[in-house]
Amino acid sequence: LGSYINNVNGKMRIAWLYLNNVSEFLAGQKDATFFKYIKVNVGEVQIGDQLLVFNHPAYDKATVGGVWRLENAIVVSVYPKLLLQGHGTHPLTFGTMKKIVVGLFNGEVEKLRKKVESHIQSGSAATTINFGGRGTLVLRNSPAASPFRPGVQKADWWLRWAHDSEKDDATIAADPAKKLLAMQIHKVDYDATFGYFPLWEPALKADKTPVKKQGKISKIQNVEITSEMIAGWTWSLPLDVKDRNKAVVLRAKI
């Protein structure tokens with residue numbers, strides 16, 4: 001249960017939010033009287049705009065009840081720099097807010113790596129690990145079909161989840177250009193049914209090719225999520241470059 005107070009042009013309105021009954025006034029997008037829901041270039045945001053800063057699209061699949069899938073934020077400054085304030089945070093730049101959510105995702109991925117290593121050490125033949133979250137850990141290649149040498153075949157374990165309509169996974173998977181961009185930027189690999197995120201990746205030589213021995217990858221490293229892997233204003237980086245600096249904001253009508 002919660003309450004919401006809106007004061008525009010001297011008028012105050014309070015709406016209530018119940019667990020399974022969300023007030024339309026509180027939702028904002030449906031309140032055409034006091035708010036407008038628009039997409040703007042980031043340079044055009046105004047103080048008081050409400051917007052979302054998104055984490056990596058795989059974050060909530062890697063967690064058990066993870067709450068940092070996105071941050072609801074309000075614009076509190078536009079000059080001399082853009083500052084956003086989320087729930088319980090100090091005013092932060094967009095870049096700093098991205099670093100915070102990236103750090104949380106890296107922590108969750110490290111937990112998953114430990115689960116895989118423990119599973120391998122147990123000698124279990126199971127090719128899936130249910131860890132209680134929205135995703136599942138899966139072995140994508142059998143030892144015989146693995147591109148990795150014995151000793152580093154833990155890299156065949158990935159995080160998997162069914163296509164999420166909220167994040168347009170199916171649309172991305174069906175478009176070769178969007179699918180390639182998702183792999184290049186977010187390291188997410190899509191097939192017709194699932195999205196996959198790696199826990200380990202090949203270590204690269206100076207020429208950016210994997211370190212190999214006898215034709216198979218012989219050295220791996222932990223996947224480290226960076227701010228550049230998070231679109232921020234959207235779940236996944238838009239294919240159209242012109243849309244990459246646009247945010248959807250909830251703005252009070254004055």
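Start by selecting Y59, F105 and F197, which form one aromatic cluster. Here rings of Phe, Tyr and Trp (its six-membered ring) pair if their centres lie within 6.5 Å; planes under 30 degrees apart count as stacked, over 60 as edge-to-face and the rest as tilted.

Before going on, note what is on screen. This is a predicted model in which local features need pLDDT of at least 70 and side-chain atom pairs count only at pLDDT 80 or more, while totals for chains, interfaces and linings use all residues. Residues are numbered from 1 along each chain as its sequence is written, and side-chain values use heavy atoms, with hydrogens and water left out.

Colour the protein by pLDDT, the predictor's confidence in each residue, from 0 to 100. The mean is 90, and 87% of the residues reach 70 or more. Residues 1-5 stay under 50. For that stretch the model has 18 contacts beyond four places in sequence, a contact being heavy atoms within 4.5 Å.

The structure holds five aromatic pairs. Select F54 and W235: the ring centres are 4.6 Å apart and the planes stand at 50 degrees, so this pair is tilted. F54 belongs to strand β5 (residues 50-54), whereas W235 is in the loop between β16 (220-222) and β17 (246-252), and the two residues are 181 apart in the chain. Helices (H or I, at least four residues) and strands (E, at least two) are DSSP runs, numbered from the N terminus.

Are F54 and W235 buried or exposed? F54 is buried, at a relative accessible area of 12%, and W235 is buried at 9%. Buried means under 20% relative accessible area, exposed over 50%, and partly exposed in between (1.4 Å probe, protein chains only).

Move to F194 and Y196, an edge-to-face pair with 6.2 Å between centres and 65 degrees between planes. F194 is partly exposed at 23%; Y196 is buried at 8%.

The charged end of R160 sits over the ring of F194, 4.3 Å from its centre. The charged end of K167 sits over the ring of W235, 4.5 Å from its centre. The criterion is NZ of Lys or CZ of Arg within 6 Å of the ring centre and within 35 degrees of the ring normal.

**The sheet that holds β5**

Show the strands in the order β4-β17-β5-β6-β7: they make an open sheet of five with antiparallel pairing. Two strands pair if DSSP finds at least two bridges between them. At the edges are β4 (35-41) and β7 (83-86), each with a single partner strand, so one side of each has no neighbour in the sheet.

β5 and β6 pair over five bridges. Which residue of β6 is the bridge partner of Q50? It is I74, in a strand that spans residues 70-77. I74 is partly exposed, with a relative accessible area of 37%. Leaving out residues up to four places away in sequence, I74 touches G48, D49, Q50, L83, L84 and Q85.

β9 (residues 136-139) and β10 (residues 157-162) share four bridges. In β10, R160 is the bridge partner of T136; the charged end of R160 is the one over the ring of F194.
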